[in-house]
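Open the model in your viewer and keep the selection tool at hand.

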Amino acid sequence: MSSAKNQFDKPRLNQLFDDLNATLKDFIRKHQVTYEEFHCALAFLSEVGEKGETPLLFDVFLESTVDVVNNSGRGGTETAVEGPFYLPDMPEMKSPCTLPHRPNEPGDVLIFLGTVRSTEGNPLPGAIVDYWQADAEGAYSHFNIPKEKAPFNLRARVKADDLGRFEIQTWVPSSYEIPKGGPTGALVKALGRHAWRPAHLHALVQYPGCADLITQVFLQGDKWIDSDVVGAVKESLIAGMQRHEDKAEIAKRGLKHPFYTLEFDFVLPGGVKKAA
């Protein structure tokens, strides 16, 4: 609640706080919470704050529900959680493009392509695909990978062409475990759950006059697709990759090894206005 100081006089804040407080008190009564358990919870929440894991904790246990509540019946491509690894002000690029990357970026090349269109079927020229992902080892730039070693690695704001099409050359991401060294990981382990997220691509898609879309595209066949620790997978967001081994096709792309393509269209609800 970044703007909490401006919310205290508003009825909704009081309504939400009072309801939450009442729910927690009912929980304490129902389960006869002991002082030992109460102090354990306080110590856990203090550690979450000290380790800077509040966004991670909420992402793992609550954000998928907030996503469903806020986007039910909106139409177009289904939404998914934003997660804790988004960065504003990413480099701006035009489609087709190759994302910022390291000289020896690990893994296989992936061409992610599709069209941004409205729910009425109209292509949205110049739509912005704000894109980010983990690398082939499950690491995010500026988080698991220090910024100075790989600034904006595998991240960019990509502008679709005049027909609403986008083509992004990147690398196949890996499934990964959420950070396990802090209190959130300790809680997941104590609950007897695994900490894995299936491989996925993130996108924030925008076009004037249309509702913003925050979503993830999940790679079909991933081992953890049916048991995402965050619970964010939706059937319509699962897409399959195609492997390309033809030497002429590889050479045409300026590559030296086989590569993959993944096609996925983003559909935005709302009115349509000409992009700026």
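Start with the largest pocket of this predicted model, which holds about 2,000 Å³ of space. Its lining counts 42 residues, and those closest to the centre are Leu20, Leu24, Leu45, Phe58 and Leu62. Next, colour α1 (11-31), α2 (35-50), α3 (54-61) and α4 (63-71), the elements that each give two or more residues to this lining. The largest share, 13 residues, comes from α1. By class, the lining of the largest pocket has 27 nonpolar, 8 polar and 7 charged residues.

Move to the second largest pocket, with about 150 Å³ of space. Select Asp67, Asn71, Thr79, Ala80 and Ile214, the closest to its centre of the 13 lining residues. Two or more residues of this lining come from each of α4 and β10 (213-219); α4 gives the most, with 5 residues. The lining of the second largest pocket divides into 5 nonpolar, 3 polar and 5 charged residues.

Now show β5 (residues 155-159), which runs parallel to β1 (residues 92-94) and is joined to β1 by 3 bridges. β5 also pairs with β4 (residues 128-133), in the antiparallel sense, over 5 bridges. Select valine 158 in β5: it is the bridge partner of methionine 93 and also of valine 129.

Last, select glutamine 169 in strand β6 (residues 165-171). Is this residue buried or exposed? Glutamine 169 counts as buried because its relative accessibility is 14%, under the 20% cut-off. Leaving aside neighbours within four places in sequence, glutamine 169 is in contact with Cys97, Thr98, Leu99, Val109, Leu110, Ile111 and Leu255.

Terms used: Residues numbered from 1 in each chain as written. Predicted model: local features only at pLDDT ≥ 70, side-chain atom pairs only at ≥ 80, totals over all residues. Heavy atoms only, no water. Helix = DSSP H or I, 4+ residues; strand = E, 2+ residues; numbered from the N terminus. Buried < 20%, exposed > 50% of the residue type's maximum accessible area, 1.4 Å probe, protein only. Contact = heavy atoms within 4.5 Å. Pairing = 2+ DSSP bridges. 1 Å grid on protein atoms, 1.4 Å probe; cavity = no way out; pocket = protein on both sides within 12 Å on 5 of 7 lines; lining within 4 Å. Points joined across faces, edges and corners; volume = space filled by probe spheres on them. Nonpolar A, V, L, I, M, F, W, Y, C, P; charged D, E, K, R; others polar.
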